[in-house]
Amino acid sequence: MPRFIPGSVFLASWAAGWIQPHVPVLTAPQSRDMASYPLIVGPPTSLRKPLKIPDRLLLGPGPSNLTSRVMLAGGLQMIGHMHEEMYQIMNEIKDGIRYAFQTQNKLTLAISGSGHTAMEAALFNVVEPGESVLVGVNGIWGQRIVDIAERIGAKVHQMVKAPGEYYTLHDVEKGLTQHKPVLLFLTHGESSSGIAQPLDGYGDLCHRHNCLLLVDSVASLGGAPIYMDKQGIDIMYSGSQKVLNSPPGTSLISFSEKARGKIFNRKTKPFSLNLDIKWLSNIWGCDDNPRVYHHTPPVIGLFALRESLALLAEEGLEESWKKHREATAYLHKGLQKLGLQLFVKEPVLRIGLLGSNATKANVDRVILALKEALQHCPKNKL
């Protein structure tokens, strides 16, 4: 008996090679009522104009300008998200993330969505309702973690510091002893204030208290040293659009074996199917099982992310860190020459510029623009 397959599904399946030409099929008839209603919204006049994008140098906290190689990747032809060639690209992305994170974690992958999505993926999968979470709040990203954790029913305990201040081992141990959390959150590079949180010893301290360490490295990855495995970080995530000079829309995340054990031994389902790491680990080839469809990732965005990670690997992490360190020191010297005081007092605790934009020439542009702006600023506003 011939199988009945809707026409669109048949065409897509035949093109993908899933249906052989000799197999008899029936396609769905077209509806007679398909065009029975008059259109109430006409073609937008705004879309009749050509797309115009200004050529701007982006020197803010992100997104950053794309390199020519990444832009070329964004112009490549689409392939299927479950084609073998795509799986190979995904495997190469995982290799690149492991290098950038300095981890050997098997459960390492990219998330379809920006850094906020990775933030939610971490909390949704590791924390269950009623569990205690300790959050370092010294800027916007700690505040966002508090909001997300409260939404999923966690018992949230905040360690609040003024912007520009960081957490000592003593601060953390006090919170761990008092609240006995399953998870501690710290921001490595707090872009709202420019502070870089020290991380040596914090993972070991957490583990002595049966707590996992979650670190946000969105603003710092590739620009400041971070060693996921050696520093005992259990969950770490980052974004594509800052130092990596890739388009926004993908994020990077990795889980230690301890974190993986917590995820796979949950008593309740995660709050999001879309961000369920059990599903995502499968489509990213992290569980040794045949890959099963879960969602359609941003294929072109993953092309660009792959090239961004390749550029970082070719330059070398240590060289990238050095480039950012030198550009940051040059910026700070220029700011101080203008008579300005730096918000973060200790030089070793400051984060700086982003990716390919971290050059002395760009610093000179910033200093010149700021100097001109200060000349037009009333003294009572300084």
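## Helices α3 and α10

Helix α3 (residues 84–101) packs against helix α10 (residues 299–315) at an angle of about 40°, their axes 9 Å apart. That angle makes α3 oblique to α10, since angles under 35 degrees count as roughly parallel, over 145 as roughly antiparallel, 65 to 115 as roughly perpendicular and the rest as oblique. Axes are lines fitted to C-alpha atoms, for helices over the stretch in contact, and angles run from 0 to 180 degrees between N-to-C directions. The crossing of α3 and α10 is left-handed (the near helix is turned anticlockwise from the far one by less than a right angle; clockwise would be right-handed).

From α3, the contact (heavy atoms within 4.5 Å) uses Met-86, Ile-89, Glu-92, Ile-93, Gly-96, Ile-97, Tyr-99 and Ala-100. From α10 come Val-299, Leu-302, Phe-303, Leu-305, Arg-306, Leu-309, Leu-312 and Ala-313. By class, the contact of α3 with α10 has 13 nonpolar, one polar and two charged residues. Here Ala, Val, Leu, Ile, Met, Phe, Trp, Tyr, Cys and Pro count as nonpolar, Asp, Glu, Lys and Arg as charged, and the others, Gly among them, as polar.

## Basis of the model

This is a predicted model: local features need pLDDT of at least 70, side-chain atom pairs count only at pLDDT 80 or more, and totals for chains, interfaces and linings use all residues. Residues are numbered from 1 along each chain as its sequence is written, and side-chain values use heavy atoms, with hydrogens and water left out. Helices (H or I, at least four residues) and strands (E, at least two) are DSSP runs, numbered from the N terminus.

## Salt bridges

The whole structure holds 10 salt bridges (a side-chain nitrogen of Lys or Arg within 4 Å of a carboxyl oxygen of Asp or Glu). One of them joins Glu-92 to Arg-306, with the closest N and O atoms 2.9 Å apart. Glu-92 lies in α3 and Arg-306 in α10, so this pair ties together parts 214 residues apart in sequence. Glu-92 is partly exposed, at 27% relative accessible area (buried is under 20%, exposed over 50%, partly exposed in between, with a 1.4 Å probe and protein chains only). Arg-306 is also partly exposed, at 27%. Arg-306 meets Glu-307 in a salt bridge too (2.6 Å, N to O). Glu-307 is buried, at 15%. A network of salt bridges links Arg-69, Glu-92, Arg-306, Glu-307 and Glu-314.

Elsewhere, Glu-131 pairs with Lys-262 in a salt bridge, the closest N and O atoms being 2.9 Å apart. Glu-131 sits in the loop between α4 (115–126) and β4 (132–137), and Lys-262 in helix α8 (residues 257–264), 131 residues apart. Glu-131 is buried, at 19% relative accessibility.

## Helices α4 and α5

α4 packs against helix α5 (residues 140–151) at about 45°, with axes 10 Å apart. This makes α4 oblique to α5. Their crossing is right-handed.

On the α4 side, the residues are His-116, Met-119, Glu-120, Leu-123 and Phe-124. They meet Trp-141, Arg-144, Ile-145, Ile-148 and Ala-149 of α5. The contact of α4 with α5 has seven nonpolar, one polar and two charged residues.

## Ser-356

Ser-356 lies in the loop between α11 (317–337) and α12 (360–375). Ser-356 is partly exposed, at 36% relative accessible area. Not counting residues up to four places away in sequence, Ser-356 touches Asn-65, Thr-67, Asn-245 and Lys-323. The C-alpha atoms of Ser-356 and Leu-305 are separated by 15 Å, with the two residues 51 apart along the chain.
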